[in-house]
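Please load the coordinates in a viewer and keep the selection tool at hand. The tour below moves from one selection to the next and states what is found at each stop.

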Amino acid sequence: MLKFIFREKSMLRTHIFKSRFWKTAATTASAAALSLLLTTGYASADAQFRKWVSGFRPVALQNGIAPATFDRAFAGVNAIDPEVLQKARYQPEFTSPVWEYIDNRVNEHSIGTGQAMARKWGKALNAIEKQYGVDKNVLLAIWSMETGYGEMMQRPDVMRDAIRSLATLAYADQRRAKYARTQLISAMKILQTGDIDRGHLSGSWAGAMGHTQFIPTSYQAYAVDFDGNGKRDIWNSVPDALATAANLLRKNGWEPGRTWGYEVVLPASGKFPSGSLSIAEWRRLGLVRANGRPFPSDAEKATLKVMDGRSGPAFLMTKNFFVIKRYNNADKYALGVGLLADRVAGYQGLVQDWNRPFTPISMKEREELQTHLRALGYYDGNIDGKIGSSSRKAIEAFQQRNGLSPDGHPSKEVLSVLRRR
């Protein structure tokens, strides 16, 4: 999201964290930091880090941080967080195909939970939608994509001390050092305003914070006190977090009352122009809505996106799709938000399915698959139905040992074999 580009799972996300993935690349500085830990021990490495902190203090003070705020921010932060460097250095080497990315984020669990959250937070969502003009279902979808409706906020392996994480990157990761220094000062300014206390200033490994994952500079630009308690608390107040996301979208050009896009059917042949055309112009080229309904407006501008080949789903994306990308600069992310928002709202799913090279299974069946793999000793990750690198490696290992093609796909065929074990 305007969050720069470092977030855990969607690393071209302008707002850090989740949909293109960083390729594996160890920076000189972070490699040196880890090497220091191995060759001279933690004590020496910690001493160098504390020296860096002391040197950063006058920089922070020159940027408006009070001495007492700096001391409070760094109280007890005496060493880098090695796990932050590991996450920064070792990004997933597998670039998710669009069907896998969407399957992991738009499924029966995320849809059902979103509908439950729509009921639970209905009053706040309606008020936010009225004030900012942003579709409440889009806000729920963003909340799901960012932290699983807040579930990730309870996981210490995901959420870490924001000051320590950013200081680690500023000190030991040359590629992200400039970004981290800027965000570290902004994080201390947030602490200085009193919006959050030191003990709850948590975030992802790269500093994305709260239910809707804002890096500190984006927080300063868009954070909202929607519940009226005098604090812009995106960590503990769901209304504040959702209103902050709505504020970002509205300030970046969200058009109230309009959709993010339309699934369409392409004509059997022909080439299509890139860029934005009116719906009328797309219709003249032979594009129609996949659900058979008419387009609401012939004058509306849209851009064609085909992410899975001509035989896969095709979409005409309107301006709001590109506004969602201001939250996270990836087509797959914005598509995931749009598709999930529609399903939470009660609309049907895709008419044309993805070109998966296997027979897909449901979220519940994927959890069953992971459970079988764990019982057989292939898998030690979470039983969550989400197929990431650990699940794929486990599936591939099982396939190799059982005479199956080792493609790593969570298929009905693999599940059938697992059920017989």
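In this tour, two residues are in contact when heavy atoms lie within 4.5 Å. The model shown is a predicted one.

**Stop 1**

Select Thr 318, which is placed in the loop between S7 and H13. Is Thr 318 buried or exposed? Its relative accessibility is 2%, so Thr 318 counts as buried. Now display the residues in contact with Thr 318, leaving aside neighbours within four places in sequence: Thr 259, Trp 260, Gly 261, Tyr 262, Glu 300 and Lys 301.

**Stop 2**

Next, select the strands S4, S6, S7, S3 and S5. They form an open sheet of five strands in the order S4-S6-S7-S3-S5, and the pairing is antiparallel. Its edge strands are S4 (276-278) and S5, each of which pairs on one side only.

Strands of a sheet pair through backbone hydrogen bonds. Begin at S4, which is joined to S6 (residues 301-306) by three bridges in an antiparallel arrangement; here Ser 276 stands opposite Thr 303 in S6. Then move to S3, which pairs with S7 over four bridges, again in the antiparallel sense. Within S7, Ala 314 is the bridge partner of Val 264. S3 is also joined to S5 (residues 288-289), running antiparallel, by two bridges, and Val 265 stands opposite Val 288 in S5. S3 itself is mostly covered, with four of its five residues buried.

**Stop 3: aromatic pairs**

Show the rings of Phe, Tyr and Trp. How many aromatic pairs does a search of the whole structure find? The search finds 14. One of them joins Phe 214 and Tyr 327 edge-to-face, with 5.6 Å centre to centre and 85° between the planes. Phe 214 lies in the loop between S2 (202-203) and H10 (216-222), and Tyr 327 in the loop between H13 (319-324) and H14 (331-344), so this pair ties together parts that are 113 residues apart in sequence. Both Phe 214 and Tyr 327 are buried.

Then select Trp 260 and Phe 315. Their ring centres are 6.2 Å apart and their planes stand at 45°, so the pair is tilted. Trp 260 belongs to the loop between H11 (238-251) and S3 (261-265), whereas Phe 315 is in S7 (residues 314-317); the pair therefore ties together parts that are 55 residues apart in sequence. Trp 260 has 4% relative accessibility and so counts as buried; Phe 315, at 0%, therefore counts as buried.

Ring pairs also link Phe 49, Trp 52, Phe 56 and Tyr 171 into a cluster. For a contact of another kind, select Arg 105: its charged end sits over the ring of Tyr 101, 3.7 Å from the ring centre.

**Stop 4: the second largest pocket**

Finally, display the second largest pocket, which holds about 1100 Å³ of space. Its lining comprises 48 residues, and those nearest its centre are Leu 339, Asp 342, Arg 343, Gln 348 and Gly 349. H4 (98-105), H5 (108-120), H7 (136-147), S3, H14 and H15 (363-375) each supply at least two residues of the lining. Which helix gives the most to this lining? It is H4, with five residues.

Key:
Residues are numbered from 1 along each chain as its sequence is written. This is a predicted model: local features need pLDDT of at least 70, side-chain atom pairs count only at pLDDT 80 or more; totals for chains, interfaces and linings use all residues. Side-chain values use heavy atoms; hydrogens and water are left out. Rings of Phe, Tyr and Trp (its six-membered ring) pair if their centres lie within 6.5 Å; planes under 30 degrees apart count as stacked, over 60 as edge-to-face and the rest as tilted. Buried means under 20% relative accessible area, exposed over 50%, partly exposed in between (1.4 Å probe, protein chains only). A charge sits over a ring if NZ of Lys or CZ of Arg is within 6 Å of the ring centre and within 35 degrees of the ring normal. Two strands pair if DSSP finds at least two bridges between them. On a 1 Å grid over the protein atoms alone, a cavity is a set of points where a 1.4 Å probe fits but cannot get out, and a pocket is an open set with protein on both sides within 12 Å along at least five of seven lines; lining residues have an atom within 4 Å of a point. Grid points are joined across faces, edges and corners, and a volume is the space filled by probe spheres set on the points.
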